[in-house]
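Please study the sequence and the three-dimensional model shown below. The paragraphs after it lead through the structure step by step.

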Amino acid sequence: MAWSTKGAKARKKLNPGIVKRVLLFAGAAIVLLYFSIAMLLVLAKWVMPFATAVQIERRIESWGSAKKYSKQYKPVPMTRISRELQHAVVAAEDTRFREHNGVDWQELQKVIDKDLESGKLGRGGSTISQQLVKNLFLSTRRSIIRKGIEFTLVPMAEWILGKDRILELYLNVIEWGPGIYGAEAAAQHYYHVPASRLSRDQAARLAAIIPNPIRRHPERMGEYGEIIQTRMRQMGW
C-alpha cells in the first residue's frame, strides 16, 4: 500500500507540460535530421562526398591504435570504373539490385529464417542501397537501432539518387581495406592499375573482399572469386 502511494505521488509530480515539450523537441530533432540527410543525398546526386560516416569512424578508431592510418580515397566517375568490377560487385553483393526498391525482401527472409534456425544474429541480407546508406550516414557497429534507421533511409536514397548513382557512389566510397576507399584506390593499391583497367579476375577478387575488407585480401580470394565469376556468367555478363 505504501509503495502504491509513492508511485501515485511520483506520477503527480510529472508535469504534462514538460513531457509535451520533450516530445515536441525530440520530434523536431528527428525531422531536422531526416531533412538534413535528404539535402545531403540531393547534393550527393551531383557531388562525390568529401568523407563518409564510416571513413570518419575509421579515422577515430585509428587514434587509439598503434598502427599508422593513411586514407586513400580517389572518387572517379562510373566511366572510369571497369565494367567487370561493376558486374562483379552486383553479382557478389546484390544480384537483384535492379529489381528491388532498396530492400530485397526475398533475401532478407532467407537471412531471418537462417538466423532463427541457428539461434543467433548472422550477417548478410543488406542490399547495395542499404550498404551505401550505412557508409554515408551510419556506422559499422551492428545494432537493431542502426538497422531500423537504415531501413527508413533507403527509400529516400532510392528516390533521390536512382540506381545508377547509387551504384556509382557505392563503388567510390566503400571500404576495400584499411584506409582504402573506393574502386580507384583499391585498384591502384592492390594491382597498380586504374579502376578502368581491372581484369575480370581482379574485379571478382576485389568484390570478394567487400564483406570483410579489413581481414580479407584479393590474393586469397581465388575460390570465392571463381564463384563470383560463375554468378556473373549466369547473369549474362
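Predicted model: local features only at pLDDT ≥ 70, side-chain atom pairs only at ≥ 80, totals over all residues.

Residues are numbered from 1 along each chain as its sequence is written, and side-chain values use heavy atoms, with hydrogens and water left out.

The protein chain has ten helices and three strands; these are DSSP runs numbered from the N terminus, with helices (H or I) of at least four residues and strands (E) of at least two. Along the sequence, their pattern reads α-α-α-β-α-α-α-α-β-β-α-α-α. Of the 237 residues in the protein chain, 42% are buried, where buried means under 20% relative accessible area, exposed means over 50%, and partly exposed lies in between (1.4 Å probe, protein chains only). The accessible surface of the protein chain comes to about 14300 Å², and 60% of this belongs to carbon and sulfur atoms; such areas come from the Shrake-Rupley method with a 1.4 Å probe, and for residues only the protein chains shown count as cover. Contacts (heavy atoms within 4.5 Å) also show how the chain is arranged. Among those between residues at least 6 apart in sequence, 68% join residues at least 24 apart.

The three strands form an open sheet in the order S1-S3-S2, with mixed pairing. Strand S1 (72-73) and strand S2 (175-177) stand at the edges with a single partner strand each, so one side of each has no neighbour in the sheet. Strands count as paired if DSSP finds at least two bridges between them. S1 and strand S3 (residues 180-181) run parallel and are joined by two bridges, and Gln72 stands opposite Ile180 in S3.

Helix H6 (residues 128-137) is largely enclosed by the rest of the structure, because eight of its ten residues are buried. Among them are Ile128, Leu132, Val133 and Leu136. The cover over the buried residues of H6 includes helix H2 (16-44), H3, helix H4 (83-93), helix H7 (144-173) and S2.

H3 has buried residues of its own, including Ala53, Val54, Glu57 and Arg58. Their cover includes S1, H6, H7, S2 and S3. Glu57, in helix H3 (residues 53-62), counts as buried at 12% relative accessibility. Where does the side chain of Glu57 make a polar contact? It joins the side chain of Ser139 at 3.4 Å; a polar contact is a pair of N or O atoms within 3.5 Å, and within protein one must be able to donate a hydrogen and the other to accept it, with residues adjacent in sequence counting only if both atoms are side-chain atoms. Apart from its neighbours within four places in sequence, Glu57 is in contact with Ser139, Thr140 and Arg141.

Asp104 is buried, with a relative accessible area of 5%. Its side chain makes a polar contact of 3.1 Å with the side chain of Arg96. Leaving aside neighbours within four places in sequence, Asp104 is in contact with Asp94, Arg96 and Thr127.
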